[in-house]
Amino acid sequence: MRLEDIGLPGWLHTLACIAALVAGGWNSVIFDRGRWHQLRGDIYVWSTIVANVLVFVIYDFDIDFIHGKFGPGVMGFFHWLAIASLVFTLIGWFAARRQRHGVWAYTHPIAMALSYYVLLGGLVNELFARVEALRPLATTIVNGQSRFGSPVLGMSQSAVMVASAILIVIYVVRVFLRRRKRKQGRKAPAGVAAA
C-alpha cells in the first residue's frame, strides 16, 4: 500500500472520510428515524464537510479568476467532486429538519444518497490508486503510456453508481409509502381503530 506520500492534511482527510463512511453507511441501511439516526447524520455531515474542505488543501488549488484558468493543478476534478459532495450534503442536512413538509421528505434521502455516492466513488479511486495489488487493474495503456482509468475501474465505479441508484429508489418508495400511510391514518374516522 502506498502511504508514503500522505501528509497530515491527507491523514485528517482520510479519518474524516472513514467517519463519514461508517456514519453514512449505518444510516443508509438502518431505517430508524430517531435521535441515533440524527446523531449519525450529524457525524456524517461534519465529517463530510471536513473531508471536502481538506480536498482543497491536499490537491493543488489555485484558481485564476482574472484569466479564467482551470485545469490540471489549478481547479481539478477532485475539487469539483468536493463541491458537489458539499452541496448534496448541505441540501440533505437542510432538508432533514423539514421532512414533514412536501418535497423535503424526498429531498433529504436523495441528497444524502448522492453525497454518499460521491464518497464511495472517491473510496474506489483511492483503493485502486493506493493498494499495490489493485493498481495494475486500474491502469490502461493509451498511446504507449500507462494511464489511470481502466475497464475494471470503470466497472467498479458503475457498480457504486447502480447501488446508489437502487438505494435512492428504495428511499423514495419508503418515503412515499410512509407518507401515504400517514395520510390514510388521518382520513380514518375517529373511533375506528387502524387494522
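**Pockets, a cavity and aromatic pairs**

The lining of the largest pocket is made up of 26 nonpolar, 11 polar and three charged residues; here Ala, Val, Leu, Ile, Met, Phe, Trp, Tyr, Cys and Pro count as nonpolar, Asp, Glu, Lys and Arg as charged, and the others, Gly among them, as polar. The model is predicted: local features need pLDDT of at least 70 and side-chain atom pairs count only at pLDDT 80 or more, while totals for chains, interfaces and linings use all residues. Residues are numbered from 1 along each chain as its sequence is written, and side-chain values use heavy atoms, with hydrogens and water left out.

**Largest pocket**

- A pocket is an open set of points on a 1 Å grid over the protein atoms alone, with protein on both sides within 12 Å along at least five of seven lines, whereas a cavity is a set of points where a 1.4 Å probe fits but cannot get out; lining residues have an atom within 4 Å of a point.
- The largest pocket has a volume of about 990 Å³, where volume is the space filled by probe spheres set on the points, and grid points are joined across faces, edges and corners.
- Its lining has 40 residues, and His13, Cys17, Gly122, Leu123 and Glu126 lie nearest the centre.
- Two or more lining residues come from each of helix H1 (8–29), H2, H3, H4 and helix H6 (151–187); helices (H or I, at least four residues) are DSSP runs, as are strands (E, at least two), numbered from the N terminus.
- H1 supplies the largest share of this lining, 11 residues.

**Second largest pocket**

- The second largest pocket has a volume of about 820 Å³.
- It is lined by 33 residues, with Asp32, Arg33, His37, Gln99 and His108 nearest its centre.
- At least two lining residues come from each of H1, H2, H3, H4 and H6.
- By class, this lining has 13 nonpolar, 10 polar and 10 charged residues.

**Cavity**

- There is one cavity of 30 Å³ or more, and the largest cavity has a volume of about 30 Å³.
- Ser28, Ala113, Tyr116, Tyr117, Leu120, Ser164 and Leu167 form its lining, to which H4 and H6 each give two or more residues.
- H4 gives the most, with four residues.
- Five of the lining residues are nonpolar, two are polar and none is charged.

**Aromatic rings**

- Rings of Phe, Tyr and Trp (its six-membered ring) pair if their centres lie within 6.5 Å; planes under 30 degrees apart count as stacked, over 60 as edge-to-face and the rest as tilted.
- By this rule there are three aromatic pairs, among them the edge-to-face pair of Trp46 and Trp93, at 5.5 Å centre to centre and 80 degrees between the planes.
- Trp46 lies in helix H2 (residues 35–58) and Trp93 in helix H3 (residues 77–96), 47 residues apart.
- Phe94 and Trp104 also form an edge-to-face pair, with centres 5.1 Å apart and planes at 75 degrees.
- This pair ties together helix H3 and helix H4 (residues 104–130), with Phe94 and Trp104 10 residues apart in sequence.
- Arg98 lies over the face of Phe94, at 3.6 Å from the ring centre, a charge counting as over a ring if NZ of Lys or CZ of Arg is within 6 Å of the ring centre and within 35 degrees of the ring normal.
- Arg40 lies over the face of Trp26, at 4.7 Å from the ring centre.
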